[in-house]
Amino acid sequence: MAAGSCMSSFNFKSIHPPKRTVSNFTIRSIATPIRPPSVVVPLPEIDTPARPNHVAWTSVQQERWEGELSVQGQLPCWLNGTYLRNGPGIWHIADYDFRHLFDGYATIVKLQFDNGRLIAGHRQIESDAYKAAMKNQKICYREFSEVPKTKNFLAYVGELANLFSGASLTDNANTGVVKLGDGRVICLTETQKGSIMINPTTLETVGKFEYSDSLGGLIHSAHPIVTDSEFLTLLPDLLNPGYLVVRMEPGSNERKVIGRVNCKGGPAPGWVHSFPVTENYVVVPEMPLRYCAQNLLRAEPTPLYKFEWRPESKAYVHVMCKASGKIVASVEVPLYITFHFINAYEERDEKGRITAVIADCCEHNANPLILDRLRLHNLRRFTPNDALPDARLGRFRIPLDGSGYGELEAALDPEEHGRGLDMCSFNPAYLGKKYRYAYACGAQRPCNFPNTLTKIDLVKKTAKNWHEAGAIPSEPFFVARPGATEEDDGVVISMVSGEDGEGYALLLDGSTFEEIARAKFPYGLPYGLHGCWIPRN
């Protein structure tokens, strides 16, 4: 046995036997093709033959399960804690198939590491949207692309009234999961009402996380910055275009305003799914992919859903001082589209003075087509062609000398990671600091979705890639070894949906990026989004 590792080969033991139904709806077999969605967004189609759905895009087969997994390989003895991954897990109600990846009802999955043993499980997050759908066998709240079907015009008017009040917006918390500094675990989406507390051990839904302040608003960034000492997020203002930068302390439900950024372009704020911070600053992106009130009101989706692409409004990045709320830079940058920022840090001159902010992101070459490519209709189609739009590790340089312009360029040759990049992580000890390594999902082409795991070296400008034919891995999450002094000393955890319908947990060495262990689930895993690590006390 290797030093620092524990060999594990436990037999699978089901604590909650798999069931074939979830509440009142029937689950299709993994091998059963699902019919195309009833409404197809009129963007360029991928003319390809049909085949049975990949398990990544198939609804999970039971509402909950827990059991011990047999591990092939070695789990590090120091790896004790729970990895939680959130994401959409149910993409149909009765005979109706959802349109978009982001519409699915939230499924929280856990990997609990305990002295060489691995307990896994999943459970549906019991949002009001999910419970209403199960009870009524139809969509009852506005999801990312789905709108409740109304019987007549008066009912539609009533639904619009509920939209303005926020009552009809979903609380389907299917995007991320974070551990607050006080230990509470919150699942999140882009609606503020979709903040739901769970028990990280049982995965049981505890209840709504209610903000106690009077800041109002309906939406926020789906990816707050969370540390042991604070919770930072952005609140887009749709009426008076801009963003509130807010902070919440551990043990509190009250957000306090640090400052406000007014938009420099467009009739509405840009989509702000995520944002980065440095040690002293909050970086506020203003993309030309902007919220659109008209699209929000439509009964059927437009190609860009609740957004519109407005390149004439230009693109900006703002930098705000955490301590004072003062805006120290607002610069125009080349057009960009990003879902996920990676990290940011401060650039200093030889005298130690801060001269610029560097911010890294997974940038989709300013191509809004990426949103359409995430329709389930596209993801479920086999294609021998390259249907995945190109992406790169985009690096912004925002000068703090009063200049009105910033820079955006690729931090390394995109061919290193297959011209695909998203779902990123890094060593959290380097949050807001200069760092060397990032982990993400890349591409081995041809493909229609990221299908590799990649470790990026920002100093050597190279990447190491893991790939398994037909597999679709989810976000690679880095967990540092306690006491480590090297940035990449740890493990990378990903949950993988296999081509043959299986699902498994995968562990890679954070340094060598070689596989050290995997553990197969007794059922297929749908694709998931974002996770967090909860160390064992």
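A cavity is here a set of points, on a 1 Å grid over the protein atoms alone, where a 1.4 Å probe fits but cannot get out, and its lining residues have an atom within 4 Å of a point. The model is predicted, and local features need pLDDT of at least 70, side-chain atom pairs count only at pLDDT 80 or more, and totals for chains, interfaces and linings use all residues. Residues are numbered from 1 along each chain as its sequence is written, and side-chain values use heavy atoms, with hydrogens and water left out.

**View 1. The largest cavity and its lining.** The lining is made up of Leu-180, Gly-181, Asp-182, Val-226, Glu-230, Phe-231, Met-248, Glu-249, Pro-250 and Ser-252. The space in this largest cavity comes to about 50 Å³, where a volume is the space filled by probe spheres set on the points. By this rule there are 4 cavities of 30 Å³ or more.

**View 2. The hairpin of β13 and β14.** Strands (DSSP runs of E, at least two residues, numbered from the N terminus) pair if DSSP finds at least two bridges between them. Strand β13 (residues 176-179) and strand β14 (residues 185-188) run antiparallel and are joined by 4 bridges, with Val-178 standing opposite Ile-186 of β14. Between the strands of this hairpin lie 5 residues, and Gly-183 takes a positive phi near 100°.

**View 3. The open sheet β26-β27-β28-β29.** In this order, 4 strands form an open sheet with antiparallel pairing. Because β26 (338-348) and β29 (407-410) stand at the edges with a single partner strand each, one side of each is left without a neighbour in the sheet. Neighbouring strands are turned by 25° against each other on average, direction ignored, the axes being lines fitted to C-alpha atoms. Between β26 and the antiparallel strand β27 (residues 354-363) there are 9 bridges, and Arg-348 has Ile-354 of β27 as its bridge partner.

**View 4. Phe-396 in the largest nonpolar core.** A nonpolar core is a set of buried (under 20% relative accessible area, 1.4 Å probe, protein chains only) Ala, Val, Leu, Ile, Met, Phe, Trp, Tyr and Cys residues joined through side-chain atoms within 4.5 Å. The largest such core has 112 residues, and Trp-57, Leu-111 and Phe-396 are those with the most contacts inside it. With its neighbours within four places in sequence left aside, Phe-396 is in contact (heavy atoms within 4.5 Å) with residues including Val-317, Tyr-336, Phe-341, Ile-358 and Leu-408. A second, separate core of 17 residues includes Leu-393, Leu-412, Ile-456 and Leu-458.

Terms used:
Axes fitted to C-alpha atoms, helices over the stretch in contact; angles between N-to-C directions. Buried < 20%, exposed > 50% of the residue type's maximum accessible area, 1.4 Å probe, protein only. 1 Å grid on protein atoms, 1.4 Å probe; cavity = no way out; pocket = protein on both sides within 12 Å on 5 of 7 lines; lining within 4 Å.
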